[in-house]
Amino acid sequence: MSELSTRDRVHPTRRVAVVGGGVSGLAAAQRVIALAKEVDVEIDVTVLDAAERPGGVVRTERHEGCLLEAGADSLVPQKPAAAELCREIGLGDELVEIDAHPGSLQVVHARRLHRLPAGFLLFVPTRLGSLLGSSLFSLPGKVRIALEALAGRQRARGDESLRSFVERRLGSELYERVAEPIVAGLFVADGDRFSADMALPRLRTIEQRFGSLTRGMLRARAAAGRGHGTASFLALRGGMQRIVEGLVGTLPIGCVRGGSRVTGIARQRAGGYSIEIDGRAPLAADAVVLACPAFELGRLLDPIEPGLGSDVAELDYASVVTVHLAYPRTPTGPGLAGHGFFVPRTEGMPILACTHVGAKFPGRTTDDVTVLRAYLGGALDPGMIDRRDDELIDLAHRSLAAMLDIRQAPLWNRVHRFPRAMPQYPIGYRDRLTRLNDRLGGIAGLELCGGVTGAVGLPDCIESARRAASRTIQHLTPDSVKLPLAI
Ligand SMILES: Cc1cc2nc3c(=O)[nH]c(=O)nc-3n(C[C@H](O)[C@H](O)[C@H](O)COP(=O)(O)OP(=O)(O)OC[C@H]3O[C@@H](n4cnc5c(N)ncnc54)[C@H](O)[C@@H]3O)c2cc1C
């Protein structure tokens, strides 16, 4: 008989397996451990990740003396979960604010760069004067946009596409020239198919509450006490990888197991789960947090609840590529004002957006180069991910050279691919999510977090992970004091 301590006999150590070691999975593991300490329960957590290195799509690298973000580079401060986590895990001093002053964002129209007029909050104009003076819209387009404030509350309807929502409120010019490149660009989405409820939940609420996006955004800004026109971003001085390192640093040694692709999950008769891992011994767990993409979940959930996995796996993901190009910084070099620019699909260019790395993140590049990051692929260009590196570099270079009058060849480049990385929520996905949650509610000790739950972007992923962790602890310690479910 194995020797158990008195404590173990009273409260046996519980085991939690987290499937997926991206930021969602790591944040869930960190939170489970933190909450277990709070309720004084022994919990062993193992994070299983298919890849060798944790972090999922978050990757920062140093190249030729420059700090480059392959994927996520900034955090929206309006969603505080990521910044709060950073402070909690000791990265508070590394958070830096990036001031997105008016003009720091540009959009391409008719193959020329145009500044976003001052007062645009996301794509919602809040200053009539700067809208009227903008070179980006035609006169009828400006009138249509300005009428938004007078259109009033429109009949509450079910979900609709991003395009339908924005065009209904602000007209097609604003959709095509600003909203589509910015919002569809953030989600690398097809705005005709992507759910407005999932992409813009706050604006959907604002429409219903204030009857005008412009009025609602002005009120929200006043309530937040912000004096300036555009919101700022947050970043980490050492790059987003610091969040991954910080999270891993809070976990016990050996907790994160790389190279561990989970191939199956089975319910145990005695309770709990057995986790099948490719090429390794199975792992027993009392509870499981699933933090991997939907297309992996089909296989994992169906044996537990027939049909559930196949439903989940229907969620499509878009692939995206980032290409960093470094040009010599000379007087005739890229004269890029601001942080970068977005490209509407109507321009027919191969790139979706460009970030001027040194301007957006001062100090990250060496003095002799201008580093630009081009974004390619997405739902409307699914073949991009399969192109060769030299083709991607050429497409990015030719687009940037044309827009920025660059005459030199790039000195160096870095190409990063993110296959099936961005969830593409179809119209009506929120209802599907409700049904999914109802069904999951009946499966004790199994939680989901990350993209499948509607979380896109690090703050939402972290928030979803923290909720999953709270529910896991409540399942494992039903007699403990109640923990907050909503973080
Ligand atoms: C190019 C790009 C730019 C972005 N820019 C920003 C930005 O500026 N700001 C922002 O907030 N967000 C940004 N995002 C979004 C953000 O990075 C993601 O929403 C977030 O990182 C997703 O984290 P995750 O852990 O949920 O998923 P992932 O990072 O996809 O992690 C999932 C993990 O599951 C593992 N896995 C898969 N299958 C299995 C299996 N069977 N067994 C075990 N493990 C498995 C994978 O190896 C992976 O590590 C960007 C995303 C991309 C791709």
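**Loops, salt bridges and surface patches**

Leu122 lies in the loop between β8 (120-121) and β9 (124-125); strands are DSSP runs of E with at least two residues, helices are runs of H or I with at least four, and both are numbered from the N terminus. The model is predicted, so local features need pLDDT of at least 70 and side-chain atom pairs count only at pLDDT 80 or more, while totals for chains, interfaces and linings use all residues. Residues are numbered from 1 along each chain as its sequence is written, and side-chain values use heavy atoms, with hydrogens and water left out.

The phi of Leu122 is near 60°, a positive value in a residue other than glycine. With a relative accessible area of 37%, Leu122 is partly exposed (buried is under 20%, exposed over 50%, and partly exposed in between, with a 1.4 Å probe and protein chains only). A positive phi, near 55°, is also found at Asp405, in the loop between α16 and β20. Asp405 is partly exposed, at 44% relative accessible area.

Helix α16 (residues 389-404) and strand β20 (residues 412-424) are also joined through side chains, because Asp389 belongs to the helix and Arg417 to the strand, a pair that ties together parts 28 residues apart in sequence. Arg417 and Asp389 meet in a salt bridge at 2.7 Å, N to O; the term requires a side-chain nitrogen of Lys or Arg within 4 Å of a carboxyl oxygen of Asp or Glu. Both partners are partly exposed, Arg417 at 28% and Asp389 at 36%. Another salt bridge joins Asp390 and Arg388 at 3.0 Å, N to O, and Asp390 is partly exposed at 43% relative accessibility.

In the whole structure there are 32 salt bridges. One of them is formed by Arg364 and Glu69, whose closest N and O atoms are 3.8 Å apart. This pair links distant parts of the chain, with Arg364 in the loop between α15 (357-360) and β19 (369-377) and Glu69 in strand β4 (residues 66-69), 295 residues apart. Arg364 counts as buried at 7% relative accessibility, and Glu69 is buried at 4%.

Where do the buried residues of helix α7 (residues 162-170) sit around its axis? They are Leu162, Phe165, Val166, Arg168, Arg169 and Leu170. They cover an arc of only 165° around the axis, so they lie on the same side of α7; the arc is that of the directions from the helix axis to the C-beta atoms. Arg168 and Arg169 also belong to a network of salt bridges with Glu148, Glu160, Asp197, Arg204 and Glu207. Just after α7, Gly171 has a positive phi of about 90°.

Two surface patches remain. Patches consist of residues with over 30% relative accessible area and no salt bridge, like charges being joined within 9 Å and nonpolar side chains (Val, Leu, Ile, Met, Phe, Trp, Tyr) within 5 Å. Leu139, Val143, Leu147 and Leu150 make up a nonpolar patch with about 430 Å² of accessible area together, computed by the Shrake-Rupley method with a 1.4 Å probe, where only the protein chains shown count as cover for residues. Leu147 is in the loop between α5 (139-146) and α6 and is partly exposed at 43% relative accessibility. The other patch carries positive charge and gathers Arg153, Arg209, Arg215 and Arg219. Lys and Arg count as positive and Asp and Glu as negative, with His and the chain ends not counted; a charge is placed at NZ of Lys, CZ of Arg, CG of Asp or CD of Glu. Arg153 is located in the loop between α6 (148-151) and α7.
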